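I'm opening the notebook on this one and jotting down what I look up as I go. Structure first, then my entries.

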Amino acid sequence: MFDIPKDRAVPFGCVTPAPDTEQPMMITGNWREYRPVIDQEKCNLCMNCVAFCPDACWQLDGAEEEVVWNAKYCKGCLVCVNECSTEALSKAYELDFPDGVVRLEKPF
Amino acid sequence: MAKELTLSGCAAAAQAIKMAKVDVICSYPIRPYTAVMMELAKMVNDGELDAEFVHGEGEHAQLAVVYGASAAGARVFTGSAGVGVTYAFENYSPISGGRLPVQMMIADRALDPPGDFGSEHTDAMSARDQGWIMGWAETPQEAFDNHLINYRVGEDRRVMLPQFVCQDGYFVSHIAAKVKLPDQAQVDEFLPEYDPGDHVLDPKKPCSHGPQIRPDQGAIMDLQRGEAFLALPPVIEEVIDDYNRIMGRSYSPWVEEFMADDAEIGFFLMGAHTATARHAVRHLRDQGVKAGLVKLRFVRPWPSQQVAEALSKFKAVGVIETSTSYGGSMRGGNLLAEVRASLYDLPRRPLTTSFMAGLGGDVIPLQEFYWMAQKLADAVKAGKVEKPVYWAGLEH
């Protein structure tokens, strides 16, 4: 018999219940080399990052006062940094953060 | 009423697909497989078959269409040949990983170097490691039967895997032979409606097919398919028993032996050239040569034990390679590597070598089989094979 660790289990044929906002069964932001960092002072809520992120990792917060980053799915492609209209976004090396994903024994 | 018709391999396959009552068919033209779609298009147009007939924009699209349709719970059929098989390649692994019992017919055609219409197994064999069931037919009759057998095996809840149902282009796909067709009632008894269970796209129960997974989950996905293949052999045996009983056939699930019992030298092959090989064996017997043959019915799952049992009867076996693996361990084809691996644990192994033959759509004439038989007889005499691969008809 095979012994499958619970946290690595895959449903049959990889068919998962449809996510509401996030797909908690398939967290994929564990291989980025860089991450985007936001300077909220410079941000004018132009929403370019929200529109351009291929993984919907930038969203308005509940109060709709600032955009917030979702680390769980960010692959570090830096499209957001490129598209930011006010240079509020910059890239930072993942290893410089104590929670940098490449440091973790287990992703999240 | 059961009836007998004279049908090409493509026309026979179309009859099987009709009797399997498929829901969705996706076509794109490439010869020689196209003839099956011509037949099916007529059946749908004439109201003989109630199926959605979709024209794909290409082979990649064909596989994408049946991927989605199968995920929605439909019994599906598609097919291709040669470079069409390779153009669709990206979709093969997601379909088997998604555990969707898609059926694809391949009527072999040589891959382009730069253009060749003849039959060669390299197109399908290139996809043998994509998690699909795979096997060849020797005749239009066997093609007809294999399509039905494969739907039942692939859709079995213990299996849930897609199937490549292969036949040689031209030699089978376009040469007509007698085909016994069962009654629809017999087919209905053998092949129940496809039941996808919970494994289906349903707007009332939203789900995701084919999401991104983490690298540390990849091995587990692979293991799922690996376990499905481990569970396959008893299901195939059970299904073929059932098929033989209901249809009055006598298929051996894995390998078919011909004059093998007291044989000293033997041919090992699959598909259309087996028909010529049978004649060669008969003629060799007339000359007093103890020859026989073993025909392979499934490449995936590979029946290691049955191959070992069948081939251990011979002193020397010549594997007829109708596909290429340039630079591989056997310096030519694919089958000899699998055959040698199957024989490895036997206490007494037959001598084995391979013959590159029937490539690019070339026929394998009787003289070439006699030449191969001589090489095998020489090996028996010398107690060893000269080399692992010969190019039949191109060397002396």
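This is a predicted model: local features need pLDDT of at least 70, side-chain atom pairs count only at pLDDT 80 or more; totals for chains, interfaces and linings use all residues.

**Entry 1**

I call a residue buried if 20 or more other C-beta atoms lie within 10 Å of its own, exposed if 12 or fewer, and partly exposed in between, with C-beta atoms placed from the backbone. Residues are numbered from 1 along each chain as its sequence is written, and chains are lettered from A and ligands numbered from 1 in the order in which they are written.

A:Ile38 sits in strand S2 (residues 34-38) of chain A. My helices (H or I, at least four residues) and strands (E, at least two) are DSSP runs, numbered from the N terminus. Which residues does A:Ile38 touch, not counting those up to four places away in sequence? I find A:Cys43, A:Val67, A:Trp69, A:Ala88 and A:Leu89, where contact means that C-beta atoms, placed from the backbone, lie within 7 Å. I also checked A:Val68, 30 residues along the chain from A:Ile38: their C-alpha atoms are 8.6 Å apart.

**Entry 2: chain B overall**

I get 13 helices and 15 strands for chain B. The C-alpha trace spans about 70 × 55 × 45 Å along its principal axes. Chain B has a radius of gyration of 21 Å, and a compact globule with 396 residues would come near 21 Å, so the two agree. That radius is taken over C-alpha atoms, and the globule rule is 2.2 Å times the number of residues to the power 0.38. Of the 396 residues of chain B, 51% count as buried. Taking contacts in chain B between residues at least 6 apart in sequence, I see 80% joining residues at least 24 apart.

**Entry 3: the parallel sheet**

Chain B has an open sheet of 6 strands, in the order S3-S2-S4-S5-S7-S6, with parallel pairing. I count two strands as paired if DSSP finds at least two bridges between them. Strand S3 (52-55) and strand S6 (133-137) of chain B each have a single partner strand, so one side of each lacks a neighbour in the sheet. The twist averages 20° from one strand to the next; axes are lines fitted to C-alpha atoms, for helices over the stretch in contact, and angles run from 0 to 180 degrees between N-to-C directions.

I followed S6(B) to strand S7 (residues 163-168) of chain B: 5 bridges join them, and they run parallel. B:Ile133 stands opposite B:Gln163 in S7(B). Helix H7 (residues 140-155) of chain B packs on this sheet, touching strand S5 (103-108), S6 and S7 of chain B, and its direction makes about 165° with that of S6(B).

**Entry 4: the mixed sheet**

Another open sheet of chain B has 6 strands in the order S10-S12-S11-S13-S14-S15, and its pairing is mixed. Its edge strands, pairing on one side only, are strand S10 (255-258) and strand S15 (389-391) of chain B. Strand S11 (residues 265-269) and strand S13 (residues 316-321) of chain B pair in the parallel sense over 4 bridges. I picked out B:Phe267, whose bridge partner in S13(B) is B:Gly318. Helix H12 (residues 335-343) of chain B packs on the sheet and touches S11, S13 and strand S14 (351-356) of chain B, at about 170° to the direction of S14(B).

**Entry 5: cores**

My nonpolar core is a set of buried Ala, Val, Leu, Ile, Met, Phe, Trp, Tyr and Cys residues joined through C-beta atoms within 7 Å. The largest has 120 residues, and those touching the most other members include B:Ala13, B:Ile106 and B:Phe164. Helix H1 (residues 9-19) of chain B supplies the largest share of this core, 8 residues. A second, separate core of 11 residues includes A:Val67 and A:Ala88.

**Entry 6: where the chains meet**

How many residues does each chain bring to the contact? It is 19 from chain B and 19 from chain A. H9(B) gives the most on the chain B side, with 6 residues. I also see 2 bridges joining strand S1 (residues 16-17) of chain A to S9(B), running antiparallel. There, A:Pro17 stands opposite B:Cys207.

Notes. Two residues are in contact if their C-beta atoms, placed from the backbone, lie within 7 Å.
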